[in-house]
Amino acid sequence: MLNDTTPRLAERLAKRLSAAVHEGQLAAGNRLPTEQALCEQYGVSRTVVREAISMLKREGMLTSRQGSGTFVVPNPSVALRLSPPQGNFEAVVEILELRSALEIKAAELAAARRNNAQLRAMRNALAELDEAVERGEDGVREDLAFHRAVVAATGNQHFLETIDFLHQLLQQAISVTRRNEARNAQYMRQVDQEHHALLNAIAVGDSEAARRAASSHLRNAEARLREARSEADASG
């Protein structure tokens with residue numbers, strides 16, 4: 001049974017049904033149990049069941065046949081589904097680890113491949129970030145735009161598509177890290193220096209320096225989070 005207090009019940013049910021298909025509990029070509037049966041099995045409403053089925057139809061895993069019901073598609077394409085973004089400390093650290101795997105290599109490639117238009121996009125993103133901070137805004141959108149511009153400069157469409165796919169997770173994580181950094185003027189100066197170090201390395205075409213700058217930035221973001229957590233634990 002799924003807990004009705006859990007957010008995004010439809011997504012959770014879609015995951016359960018998807019797992020049942022891949023594990024053979026719902027065989028290819030077989031008809032899905034009725035809505036009522038699924039409601040009773042998983043302890044959710046008809047609305048949740050319908051939304052979950054719609055998700056799996058969009059992913060090509062299920063199909064409807066007029067007057068016959070909903071069926072499991074033989075050999076469906078596998079669609080990657082992300083867990084809903086969380087704002088807790090552990091989840092943000094995990095996203096920083098994921099970012100490191102992608103963005104450090106992206107920075108290295110961007111330094112070797114960037115063109116003038118891509119470099120302007122990075123500079124513009126940082127300028128807009130500075131302006132957002134001066135206006136008292138969180139700068140999340142602008143921060144994300146800068147990192148996306150770095151990834152775009154790799155010239156590798158797969159990198160860019162992956163970052164865009166992860167947009168919601170990255171936005172949540174950057175929101176948490178920027179809120180933490182906004183508490184401390186020194187943190188904000190550090191972040192600004194780290195961003196410009198990355199930009200400068202890419203601008204001069206130094207791949208190794210860009211790699212180090214990206215690694216340092218993400219490692220420091222985690223360190224700042226851990227420091228803030230330690231302070232909160234000590235005061236609590």
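The lining of the second largest pocket, sorted by class, comprises 3 nonpolar, 5 polar and 4 charged residues. Here Ala, Val, Leu, Ile, Met, Phe, Trp, Tyr, Cys and Pro count as nonpolar, Asp, Glu, Lys and Arg as charged, and the others, Gly among them, as polar. Before I continue, a note on the basis: this is a predicted model, in which local features need pLDDT of at least 70 and side-chain atom pairs count only at pLDDT 80 or more, while totals for chains, interfaces and linings use all residues. Residues are numbered from 1 along each chain as its sequence is written, and side-chain values use heavy atoms, with hydrogens and water left out.

Let me stay with that pocket. Its volume is about 170 Å³. A pocket is an open set of points on a 1 Å grid over the protein atoms alone, with protein on both sides within 12 Å along at least five of seven lines; a cavity is a set where a 1.4 Å probe fits but cannot get out; and lining residues have an atom within 4 Å of a point. Grid points are joined across faces, edges and corners, and a volume is the space filled by probe spheres set on the points.

The residues lining the second largest pocket include Arg31, Glu35, Arg50, Lys57, Gly69 and Thr70. Two elements, α3 (46–58) and β2 (69–72), each give two or more residues to this lining, and α3 gives the most, with 4 residues. Helices (H or I, at least four residues) and strands (E, at least two) are DSSP runs, numbered from the N terminus.

Which residue forms a salt bridge with Glu35? The partner is Arg50, with the closest N and O atoms 3.0 Å apart. This pair links distant parts of the chain, as Glu35 lies in helix α2 (residues 35–42) and Arg50 in helix α3, 15 residues apart. The whole structure holds 14 salt bridges, each defined as a side-chain nitrogen of Lys or Arg within 4 Å of a carboxyl oxygen of Asp or Glu.

Strand β2 also pairs with β1 (residues 62–65), in the antiparallel sense and over 4 bridges; pairing requires that DSSP find at least two bridges between two strands. Gly69 in β2 stands opposite Arg65. The hairpin has 3 residues between its strands, and Gly67 there takes a positive phi near 80 degrees.

Turning to the overall division, domain 1 spans 6–72 and domain 2 spans 89–235, with bounds from an automatic or database domain assignment. Their centres, taken over C-alpha atoms, are 38 Å apart.

I come next to the cavities. A search of the whole structure finds 2 of 30 Å³ or more. The largest has a volume of about 70 Å³, and among its lining residues are Leu96, Asp143, His147, Arg178, Glu181 and His217. Elements giving two or more residues to this lining are α4 (89–113), α6 (140–152), α8 (167–182) and α10 (207–235). The largest share, 4 residues, comes from α8.

The second largest cavity has a volume of about 60 Å³. Glu103, His147, Val150, Val151, Leu198, Ala214, His217 and Leu218 line this cavity, and the elements that contribute two or more of these residues are α6 and α10. By class, the lining divides into 5 nonpolar, 2 polar and 1 charged.
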